[in-house]
Amino acid sequence: MSDRPTDPVPRRLTEWEQRTEVPLFAASLLFLLGYAVRVLSPHGSEPWRDIALALVAATWSAFVVDYGVRLRLSGQGRRFARTHWLDTLVLLLPLLRPLRVVRVYSAVQKRRERPRLSLYARVIVYAGLTSVLLGFSAALAVYQQEHGAPGASIRTFGDAVWWACATLTTVGYGDAVPVTPVGRLIAALLMACGLALLGAVTGSFSSWLLQVFSREDEKGPPAGG
């Protein structure tokens with residue numbers, strides 16, 4: 001009896017998330033586009049910089065509204081920020097929204113009877129797409145912080161992209177490194193994400209190889225061998 005009043009809340013929350021995940025992912029791409037134009041366009045290139053700023057503000061406002069709606073539908077009150085820590089982090093740092101790509105895929109997949117890709121293919125596709133979006137976002141953020149800093153080695157956006165690739169793949173050549181506190185914080189976050197994504201791909205690929213070899217062992221040697 002005591003569970004019945006709370007049952008509609010999670011269901012309504014799930015329905016809301018399924019309806020909004022794809023549009024919000026499109027909004028996150030628009031946010032990234034606006035942020036890129038704002039960062040990369042030279043000063044004085046109006047009205048494009050103003051349009052980009054308006055696009056960033058509008059899309060971030062959509063994220064705030066979505067967070068508020070899900071907070072209300074969850075019925076968890078203040079506990080929502082703890083139980084949905086990734087959503088809270090993404091709201092504060094919208095450039096991390098690529099981490100929610102897997103939820104976008106889940107929302108789309110629930111409309112189909114069966115997945116189009118195998119588990120291993122889904123992991124690799126998710127890791128690849130997330131790496132590209134996160135790397136691009138981190139390159140923009142680091143370039144914005146670093147290119148005018150004294151003693152900076154990241155002077156151009158090309159330098160920032162090279163740094164992001166080296167950091168995500170955990171290579172770390174050291175020829176381009178952030179010198180500002182914010183730039184180093186971004187580097188730490190990107191390194192953590194890179195390790196997680198690399199571990200996911202490596203683990204998935206290793207598991208797939210083990211399954212392939214196990215099937216071959218079960219079949220036994222070929223006849224006449």
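What follows covers ring pairs, salt bridges and a surface patch.

Author: This is a predicted model, where local features need pLDDT of at least 70, side-chain atom pairs count only at pLDDT 80 or more, and totals for chains, interfaces and linings use all residues. Residues are numbered from 1 along each chain as its sequence is written, and side-chain values use heavy atoms, with hydrogens and water left out.

Reader: How many aromatic pairs does a search of the whole structure find?

Author: Rings of Phe, Tyr and Trp (its six-membered ring) pair if their centres lie within 6.5 Å. Planes under 30 degrees apart count as stacked, over 60 as edge-to-face, and the rest as tilted. Searching the whole structure gives a count of four.

Reader: Which geometry do tyrosine 67 and phenylalanine 80 have?

Author: Their ring centres are 5.3 Å apart. The angle between the planes is 75°. The pair is therefore over the cut-off of 60 degrees. That makes it edge-to-face.

Reader: Why does the pair of tyrosine 67 and phenylalanine 80 tie together separate parts?

Author: Helices here are DSSP runs (H or I, at least four residues), numbered from the N terminus. Tyrosine 67 lies in helix 2 (residues 48-74) and phenylalanine 80 in helix 3 (residues 79-83), so the pair joins parts 13 residues apart in sequence.

Reader: Are tyrosine 67 and phenylalanine 80 buried or exposed?

Author: Buried means under 20% relative accessible area, exposed means over 50%, and partly exposed lies in between (1.4 Å probe, protein chains only). Tyrosine 67 and phenylalanine 80 fall in one class, buried.

Reader: What is the angle between the planes of phenylalanine 136 and phenylalanine 157?

Author: This aromatic pair is edge-to-face. Its centres are 5.9 Å apart. Phenylalanine 136 is in helix 6 (residues 119-146) and phenylalanine 157 in helix 7 (residues 157-168), 21 residues apart. The angle between their planes is 90°.

Reader: Which residues do ring pairs link into a cluster?

Author: Phenylalanine 136 is one of them, and it is partly exposed at 32% relative accessible area. The linked residues are Phe136, Tyr143 and Phe157.

Reader: How many salt bridges does the structure hold?

Author: Side chains of opposite charge can pair when their charged atoms come close. A salt bridge is a side-chain nitrogen of Lys or Arg within 4 Å of a carboxyl oxygen of Asp or Glu. The structure's count is four.

Reader: Which residues are linked in a network of salt bridges?

Author: Arginine 70 also bridges aspartate 66, with closest N and O atoms 3.0 Å apart. Those two are four residues apart in helix 2, so about one helical turn separates them. Aspartate 87 bridges arginine 70 as well, again at 3.0 Å. The network is Glu17, Asp66, Arg70 and Asp87.

Reader: What is the relative accessible area of arginine 70?

Author: Aspartate 87, its partner in a salt bridge, is buried at 5%. Arginine 70 is buried too, at 3%.

Reader: Which helix supplies the largest share of the nonpolar patch?

Author: Trp85, Leu89, Leu92, Leu93, Leu185 and Leu189 form this surface patch, with about 610 Å² of accessible area together (Shrake-Rupley method, 1.4 Å probe). Patch residues have over 30% relative accessible area and no salt bridge; nonpolar side chains are joined within 5 Å, like charges within 9 Å. Helix 4 and helix 8 (181-219) each supply at least two residues. The largest share, three residues, comes from helix 4.
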